[in-house]
Amino acid sequence: MTYNLDGKTAIVTGGASGIGRKTAERFAAEGANVVVADVVTDGGEETVESIESAGGSATFVETDVTDPDAVEAMVQTAVDTYGGLDIAHNNAGIEGENDPLAEQTEANWKQVMDINLTGVWLCLKYELQEMTANGDGDGDSDSGAIVNTSSIAGLSAAGSSAYAASKHGVIGLTRVATTEYADADVRVNAVCPGVIETPMVEQSAAENPEEIEQFVGMQPLNRMGSPEEIANAVVWLCSDEASFVTGNAYPVDGGFTAL
Ligand SMILES: NC(=O)c1ccc[n+]([C@@H]2O[C@H](COP(=O)([O-])OP(=O)(O)OC[C@H]3O[C@@H](n4cnc5c(N)ncnc54)[C@H](O)[C@@H]3O)[C@@H](O)[C@H]2O)c1
């Protein structure tokens, strides 16, 4: 154990796979109770099994982050099961179509925005309602810590138009939520992964291997990152070790954004 999250409760959206699964496992390994939220039931339950078999505590709640009622119920599950909410990793996302802008469909634009951007806004809304119920405004950042998953596509032109717009939007939401809720002692940050070896990237690589190779080649460390390497950053940002860190977007990208 590196960070002491004993007794804290964390929500992870997109917890059935990839980065979300590794963050959920890591939160639990640090002592937190974890609510694993995802549209995919099998994968979500596998994450819970993996946490429980390692001695941790977790609950799966089927959640579509585009559905306000489901997101409200997700937060309520944390309250009902574990007595409150201290930490959230708003991470569910999709890549969508990779075609140039003029060839993308309106349906793709809407779906990517709904999941990647509106989904994060809805999660923030209901998480902040719960976290601020305890905010005493003494500046010790002890009411809650939230990390939203953006991307290098939130900081640059990497990625398609809809994906990049949604991930730039996540950083905007992160900054505004920080300024609006700092007085209530909630910290809000974003993490911006580079190319990370997850099912999302494996699918892209199967469809267009040259493109993934090209992006990996633009990361000076010249390899894909692992989901564990993103989880390391997320858990740090949510821990008391990051008590003065709020309102920004942190690349974990093998150096991609340095170029
Ligand atoms: N893998 C990468 O290289 C990379 C890079 C930058 C950013 N990201 C971001 O990291 C996050 C996690 O991606 P990943 O690579 O682990 O992909 P992944 O496909 O392995 O995991 C994404 C998870 O989100 C879930 N999800 C999708 N739509 C949902 C919805 N409407 N409601 C709830 N859950 C939903 C999926 O079921 C899946 O379990 C995403 O936001 C992605 O955009 C990934």
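A residue counts as buried under 20% relative accessible area, exposed over 50%, and partly exposed in between, using a 1.4 Å probe and protein chains only. This is a predicted model, where local features need pLDDT of at least 70 and side-chain atom pairs count only at pLDDT 80 or more, while totals for chains, interfaces and linings use all residues. Residues are numbered from 1 along each chain as its sequence is written, and side-chain values use heavy atoms, with hydrogens and water left out.

| Cysteine | Relative accessible area | State |
|---|---|---|
| C123 | 1% | buried |
| C192 | 0% | buried |

What about disulfides, meaning pairs of cysteine sulfur atoms within 2.5 Å? The count is 0. C123 is in none, as its nearest cysteine sulfur, in C238, sits 14 Å away. For C192, the closest cysteine sulfur is also in C238, and at 14 Å that's too far for a bond.

Now for the cores, which are sets of buried Ala, Val, Leu, Ile, Met, Phe, Trp, Tyr and Cys residues joined through side-chain atoms within 4.5 Å. The largest has 28 residues, and C238 is among those with the most contacts inside it, along with F27, V34, V36, I51 and V234. Helix α8 gives the most to this core, 6 residues (helices are DSSP runs of H or I, at least four residues, numbered from the N terminus). V234 touches T23, F27, H89, V147 and V191, leaving out residues up to four places away in sequence; touching means heavy atoms within 4.5 Å. Another core, of 26 residues, lies apart and includes M74, L85, C123 and V186.

Note on methods:
A disulfide is a pair of cysteine sulfur atoms within 2.5 Å. Helices (H or I, at least four residues) and strands (E, at least two) are DSSP runs, numbered from the N terminus.
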